[in-house]
Amino acid sequence: GICNYVDDASLNQIVDNIKTRLTAIGEEKGVRFNILYDNCNADASLLTQIISNFQADQADLLVAVATPVAIAMQAATEESGTPVVFAAVSDPVSAELVASLDAPGGNLTGTSDMNPIKEQIDLLMKIAPNAKTIGCIYTSSEVNSEIQFKAMKEYAESKGLKVEAAT
């Protein structure tokens, strides 16, 4: 069961790639995967319903695309232990999805899409060496966005840049 958080080009690409890879693995191994897919469109009550439907259909594996979906799937699978693989989660440790990136523990694992913040700021400073202030737009209602903003602000300020933020 694959659940996408919203209809978004980058998130949709993750879903498409998972489906494509499962199809290829199925052909290699001579098996067929029954892939259940849904999109909750950022609706928490719909997300809960989708996960319940996956569980009622006895999905062997759940795939969460984005942090809110991963958090909901984690809560829904605590008793059953159904494996959950997440994608598009920037900081799974801070989101309390896994114990660590090296040893996730529990029934969740996945990939992080954390931005290379230091490298981005360093590149900015090479491109615009006289820059004094930078702007950052982030989503204050999403843990991952706040974590990335905080890390960016700390690093930028350590390099002598002033950071103007907007949410």
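Me: What makes the pairing of the side chains of Ser90 and Gln148 a polar contact?
Reply: The side chains of Ser90 and Gln148 are joined at 2.9 Å. A polar contact is a pair of N or O atoms within 3.5 Å; within protein, one must be able to donate a hydrogen and the other to accept it, and residues adjacent in sequence count only if both atoms are side-chain atoms. The side chain of Ser90 makes a further polar contact, of 2.8 Å, with the side chain of Asp113.

Me: What is the basis of these values?
Reply: The model is predicted, with local features needing pLDDT of at least 70 and side-chain atom pairs counted only at pLDDT 80 or more, whereas totals for chains, interfaces and linings use all residues. Residues are numbered from 1 along each chain as its sequence is written, and side-chain values use heavy atoms, leaving out hydrogens and water.

Me: Why is Ser90 called buried?
Reply: Ser90 has a relative accessible area of 9%, and buried means under 20%, exposed over 50% and partly exposed in between (1.4 Å probe, protein chains only); Ser90 is therefore buried. Ser90 lies in the loop between strand 4 (84–89) and strand 5 (108–112). Leaving aside neighbours within four places in sequence, the residues in contact with Ser90 (heavy atoms within 4.5 Å) are Thr67, Ser112, Asp113, Met114, Asn144 and Gln148.

Me: Is Glu96 buried or exposed, and how do you know?
Reply: The relative accessible area of Glu96 is 63%, so Glu96 is exposed. Glu96 also belongs to the loop between strand 4 and strand 5, and has a positive phi of about 60 degrees although it is not a glycine.

Me: Why does Ala66 count as buried?
Reply: Ala66 counts as buried because its relative accessibility is 8%. Ala66 is placed in the loop between strand 3 (62–65) and helix 3 (67–76); its phi is near 105 degrees, a positive value in a residue other than glycine.

Me: Why are helix 4 and helix 5 called oblique to each other?
Reply: The axes of helix 4 (residues 117–127) and helix 5 (residues 143–158) come within 10 Å and cross at roughly 45 degrees. Angles under 35 degrees count as roughly parallel, over 145 as roughly antiparallel, 65 to 115 as roughly perpendicular and the rest as oblique; the two helices are therefore oblique. Helix 4 contributes Ile117, Lys118, Ile121 and Asp122 to the contact, and helix 5 contributes Gln148, Ala151, Met152, Tyr155 and Ala156.

Methods. Axes fitted to C-alpha atoms, helices over the stretch in contact; angles between N-to-C directions. Helix = DSSP H or I, 4+ residues; strand = E, 2+ residues; numbered from the N terminus.
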